[in-house]
Amino acid sequence: AIAAVCGCGVAFAAKRWHERQTRAWVAAAVFGSSLYGIYLLRHTSGVPGWLVPLAACLALAGPLLSIRQRVAVGRVRGVSALPAVLACALLLPAVASAYVVARHLGPFNAPYETPATTSQQRMFERERAILSGLSRRYPAEFALGTYTSMLAGPFALASGQEILSIGGFQGGVPSPTLAQLRADIRSDRVRTFLIPLSPTNTDPRIVWITNHCRRFSGPSSHDPVRLALLECTPAEAARS
């Protein structure tokens, strides 16, 4: 959507480039975009050191070029200055796109992140590390089972792995049933579970997991939800 709006703006500017008012608006847009890109670069790492001073120079060069309707490029005279002005604005997005592809990044770890997104990225890194450790220690089809998809969501977003969600969004969905859950554990499709420990939770699936699985982490005394990690072995599911 943003690209479409920008494309409409470029087409409009190209038709009216001879007007001073149009060139003034383009100069303001290029200057503002470049300044915002430089602002985002203050909170990121892993980008080349030359990028900030170059972006600052182009933030000034773009508006200065837009003052002139036409420029000379080598032996070619009278070329519209608009492409050169747009090139000044496209440097930072182009570098960001190249970094996403070259470093196999994604929507939660793009090159230029605001502080709020960077904080979310650190949370995702923690959840990816948890799943990676569980997968190595307890190899199964599902890296983790959780009570409700609200708990499963952050792990799925962070890792791209499939998480077994018990009870849907708030726990009221009857799928998977207790029999299906025990069958999945017996066949070693899932072995570890992250569930909230609460004496008021009478869901038979959570009660069974609490009573028949080994707790190996949590809950923390600082955790208001009292989450615990439990391991359920195929042998235990077959006996009970």
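**Figure 1. In helix α7, Leu178, Leu181, Arg182 and Ile185 meet Pro204, Arg205, Trp208 and Ile209 of helix α8.** Contact here means heavy atoms within 4.5 Å. The residues of this contact divide into six nonpolar, no polar and two charged. (Ala, Val, Leu, Ile, Met, Phe, Trp, Tyr, Cys and Pro count as nonpolar; Asp, Glu, Lys and Arg count as charged; the others, Gly among them, count as polar.) Helix α7 covers residues 178-186, and helix α8 covers residues 204-212. Their axes come within 9 Å and cross at roughly 35 degrees. (Axes are lines fitted to C-alpha atoms, for helices over the stretch in contact, and angles run from 0 to 180 degrees between N-to-C directions.) The crossing of α7 and α8 is right-handed. (Right-handed means that the near helix is turned clockwise from the far one by less than a right angle; left-handed means anticlockwise.)

The model is predicted: local features need pLDDT of at least 70 and side-chain atom pairs count only at pLDDT 80 or more, while totals for chains, interfaces and linings use all residues. Residues are numbered from 1 along each chain as its sequence is written, and side-chain values use heavy atoms, with hydrogens and water left out.

**Figure 2. The whole protein holds nine helices and seven strands.** Both are DSSP runs, numbered from the N terminus: helices are H or I with at least four residues, strands are E with at least two. Of the 240 residues, 35% are buried. (Buried means under 20% relative accessible area, exposed over 50%, partly exposed in between, with a 1.4 Å probe and protein chains only.) Take the contacts between residues at least 6 apart in sequence: 58% of them join residues at least 24 apart.

**Figure 3. Helices α3 (residues 51-67) and α4 (residues 82-102) cross at roughly 155 degrees.** Their axes come within 7 Å. The angle therefore makes α3 roughly antiparallel to α4. (Angles under 35 degrees count as roughly parallel, over 145 as roughly antiparallel, 65 to 115 as roughly perpendicular and the rest as oblique.) This crossing is left-handed. Residues of α3 in the contact include Leu51, Leu54 and Leu58. Among their partners in α4 are Cys88, Leu91 and Val95. The contact of α3 with α4 has twelve nonpolar, two polar and no charged residues.

**Figure 4. Helix α2 (residues 20-41) packs on α3 at an angle of about 175 degrees.** The two axes are 8 Å apart. The helices α2 and α3 are therefore roughly antiparallel to each other. From α2, the contact includes Arg23, Phe31 and Leu41. From α3, Val52, Ala59 and Ile67 are among the residues that take part. By class, the contact of α2 with α3 has 13 nonpolar, three polar and one charged residues.

**Figure 5. Threonine 22 lies in helix α2.** Is threonine 22 buried or exposed? At 8% relative accessibility, threonine 22 counts as buried. Leaving aside neighbours within four places in sequence, threonine 22 is in contact with Ala13 and Arg16.

Figure 6. A cis peptide bond joins serine 175 and proline 176, with omega about -5 degrees. At 6% relative accessibility, threonine 148 counts as buried. Aspartate 188 counts as partly exposed, at 24% relative accessibility.
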